[in-house]
Amino acid sequence: MFIAQSPADIPDLATMLSLSGLDFMLAMQRGEISRPPISGIMNYHLHHVEKGRVTFRGTPEFVHTNPMGGVHGGWYGTLLDSCMACAVMTLVPRGSVYTTLEYKVNLTRAIPVGMEILSTGYSDHAGRSTGVAHGEIRGVADGKLYATGSTTCLIMQPPQP
């Protein structure tokens with residue numbers, strides 16, 4: 001898997017629309033489609049993809065801390081937004097695209113800097129125009145729950161290019 005370094009590395013709309021969401025995510029997992037730049041900045045990568053479920057694996061670093069030295073809540077939010085929305089994406093049909101409408105995050109405990117986590121999203125519903133999912137962040141070594149989340153996504157059929 002490679003990280004997009006410029007807009008030219010990101011698949012164009014025609015490519016996106018030619019694949020179902022599941023096929024798109026599987027192509028990314030195989031390294032045929034670039035990872036988004038945010039994944040490099042936030043130090044996470046695609047770990048597992050199946051219909052209705054996506055897991056990212058990541059490790060917060062010092063650069064992801066808040067002024068008090070704890071992992072910033074935005075890091076938790078980014079990982080949960082990514083896994084939950086991508087879980088919805090696995091159910092989006094060819095010719096459609098999606099985006100997050102809203103998401104909510106609940107932090108249950110602090111993730112230590114340098115601790116590897118799994119962030120898993122589970123799709124609860126994907127219809128013609130909306131998708132709903134929930135997610136969780138768990139420690140790889142300890143299995144503890146560090147955060148939960150929920151999301152609503154908009155599913156759209158844009159004009160064909």
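**Exercise 1.** Determine which residue of strand 6 stands opposite V97, and how many bridges join strand 3 to strand 6.

*Solution.* Step one: V97 has M156 of strand 6 opposite it. Step two: strand 3 (residues 97-107) and strand 6 run antiparallel and are joined by 10 bridges. Strands here are DSSP E runs of at least two residues, and helices are H or I runs of at least four, numbered from the N terminus; two strands pair if DSSP finds at least two bridges between them. The model is a predicted one, in which local features need pLDDT of at least 70 and side-chain atom pairs count only at pLDDT 80 or more, while totals for chains, interfaces and linings use all residues. Residues are numbered from 1 along each chain as its sequence is written, and side-chain values use heavy atoms, with hydrogens and water left out.

**Exercise 2.** Describe how strand 5 pairs with strand 6, and state which residue of their hairpin takes a positive phi.

*Solution.* Step one: the pairing is antiparallel, over 9 bridges. Step two: V132 stands opposite T152 in strand 6. Step three: the hairpin has 5 residues between the strands, and G143 takes a positive phi near 70 degrees.

**Exercise 3.** Trace the pairings of strand 2 with strand 1 and with strand 4.

*Solution.* Step one: strand 1 and strand 2 run antiparallel, joined by 6 bridges, and V49 stands opposite V54. Step two: in their hairpin, with 2 residues between the strands, G52 has a positive phi near 85 degrees. Step three: strand 2 also pairs with strand 4 (residues 117-126) in the antiparallel sense, over 6 bridges; there, G58 has I117 as its bridge partner.

**Exercise 4.** Identify the residues with the most contacts inside the largest nonpolar core, and list what M25 touches.

*Solution.* Step one: a nonpolar core is a set of buried (under 20% relative accessible area, 1.4 Å probe, protein chains only) Ala, Val, Leu, Ile, Met, Phe, Trp, Tyr and Cys residues joined through side-chain atoms within 4.5 Å. Step two: the largest has 32 residues, and M25, F56, I111 and I137 have the most contacts inside it. Step three: helix 4 gives the largest share, 10 residues. Step four: leaving aside residues up to four places away in sequence, M25 touches L46, V49, V54, C86, M89 and T90, a contact being heavy atoms within 4.5 Å.

Note on methods
Buried < 20%, exposed > 50% of the residue type's maximum accessible area, 1.4 Å probe, protein only.
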